[in-house]
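I opened the model and kept a running notebook. The entries follow in the order I looked things up.

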Amino acid sequence: MANIDSEAVVTYEVRGSTAIVRLNRPEYRNAQNSEMTYALDAAFTAAVNDDAVKAIVLAGNGNHFSAGHDIGTPGRDVDQSFERKAVTWWDHVGAEGVDARFARESEVYLGMCRRWREIPKPMIAMVHGACIAGGLMLAWSCDFIVASEDAFFSDPVVRMGIPGVEYFAHPWVMNPRAAKELLFTGDRFSAQRAHDLGMVNHVVPGPELEGTVLAMAERISSMPRLGLALAKKAVNQSEDLQGMRAGMDSVFGLHHAAHAHNAEVGRDSLAGMGAQSMREAAAKQ
Ligand code: ZN
């Protein structure tokens, strides 16, 4: 079954026993607006509900996996409501200040990424090009990452005075000192460095990326469905027992203290930064 709507912000296709979900705003380096996170949620739901799908691959169309959350494209939709399927909080639209921000980010960022991490089928992130900030959240929500040699990663949001993205997996997907370096410098790190740190499972030449990932997905698909789901849960529960879930909850509070501080002393919750000014600040560093 192939179901590719090239106009959609997320495309969905089933090849063999693998569902391929692709971010599809290539003109904006797959910046994630809410329309996209809800479309991802719908695509993953379809993949879970389809018994013929045994594994899920998450990728990006165009030159990059994802440049992060949408902080400035014409399709930015932070003030819009969407139909919520799994309610974590009330709708943010019409609310103000922390009431609005906490509601929205609980839903479209932390809440969705957490639910996606719990999807009972194996998920592989297939990363090429930029995987920045909110892009890391998507890749980290998957069970593991396979990257092309050109892939690069960074979480530069400390530049906004914010201690990392909403899904704060940093100290669990790499060692805590590497997490500090990533956050303190905001620097890009290569696919090879990410591999050395244990964050990426395999690095392959760009032309081999899709073939490698789809072959892995098909190999995994021959394992029993319940065995895979329980193995996934076993590792996730172990991570949570190492403090991942509680750690993320506590850091989400720090994250929102930072947003609130920015809004209180400055122009907005992002310290007046947009995609352009973030790039300029990085270039000056
Ligand atoms: Zn935030």
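**Entry 1: overall build**

I note at the start that this is a predicted model. Of the 285 residues of the protein, 50% count as buried. Next I listed the secondary structure and found ten helices and ten strands.

Then I checked the overall dimensions. A compact globule of 285 residues would have a radius of gyration near 19 Å, and the protein has 18 Å, so the two agree. Along the principal axes, the C-alpha atoms fill a box of roughly 55 × 40 × 40 Å.

I also looked at how the chain contacts itself. I took contacts between residues at least 6 apart in sequence, and 69% of these join residues at least 24 apart.

**Entry 2: surface and charge**

I looked up the accessible surface, which comes to about 13100 Å². Carbon and sulfur atoms hold 55% of that surface. For charge, I have 27 positive and 35 negative groups. Their mean positions are 4 Å apart.

I then asked which parts of the chain Glu166 and His259 tie together. Glu166 lies in the loop between β8 (152-154) and α4 (170-173), and His259 lies in helix α9 (residues 244-265), so the pair links parts that are 93 residues apart in sequence. Are Glu166 and His259 buried or exposed? Both are buried.

**Entry 3: Arg114 in α2**

I moved to Arg114 and found this residue in helix α2. Its relative accessibility is 13%, so I count Arg114 as buried. What does Arg114 contact, leaving aside neighbours within four places in sequence? I get Tyr167, Arg245, Met248 and Asp249. I followed up on Arg245. Arg114 and Arg245 are 131 residues apart along the chain, but their C-alpha atoms are separated by 9.0 Å.

**Entry 4: Asp41 in α1**

Asp41 sits in helix α1 (residues 34-49). Its relative accessible area is 7%, which means it is buried. I set aside neighbours within four places in sequence and looked at the remaining contacts. Asp41 touches Met112, Arg115 and Trp116.

I checked the backbone angles with one general point in mind. Most residues other than glycine have a negative phi. Where did I find positive values? Arg29, not a glycine, has a phi of about 50 degrees. Asn30, also not a glycine, has a phi near 55 degrees.

I placed Arg29 in the loop between β3 (18-23) and α1. Asn30 is in the loop between β3 and α1 too. I then compared their accessibility. Arg29 is at 29% relative accessibility, so it counts as partly exposed. Asn30 is at 0%, so it counts as buried.

**Entry 5: Pro122**

I found Pro122 in the loop between α2 (97-117) and β5 (123-127). With a relative accessible area of 13%, Pro122 is buried. Which residues does Pro122 contact, leaving aside neighbours within four places in sequence? The list is Lys54, Ala55, Ile56, Asp143, Ile220 and Leu228.

I also took one distance from Pro122. Asp150 is 28 residues away in sequence and 24 Å away in space, C-alpha to C-alpha.

**Entry 6: Ala215**

Last, I looked up Ala215, which is in helix α7 (residues 209-221). Its relative accessible area is 45%, so I have Ala215 as partly exposed. How far is Ala215 from Thr18 in sequence and in space? They are 197 residues apart in sequence, and 9.7 Å apart in space, C-alpha to C-alpha.

Notes
Residues are numbered from 1 along each chain as its sequence is written. This is a predicted model: local features need pLDDT of at least 70, side-chain atom pairs count only at pLDDT 80 or more; totals for chains, interfaces and linings use all residues. Side-chain values use heavy atoms; hydrogens and water are left out. Helices (H or I, at least four residues) and strands (E, at least two) are DSSP runs, numbered from the N terminus. The radius of gyration is taken over C-alpha atoms; the globule rule is 2.2 Å times the number of residues to the power 0.38. Buried means under 20% relative accessible area, exposed over 50%, partly exposed in between (1.4 Å probe, protein chains only). Contact means heavy atoms within 4.5 Å. Accessible areas come from the Shrake-Rupley method with a 1.4 Å probe; for residues, only the protein chains shown count as cover. Lys and Arg count as positive and Asp and Glu as negative; His and the chain ends are not counted. The place of a charge is taken as NZ of Lys, CZ of Arg, CG of Asp or CD of Glu.
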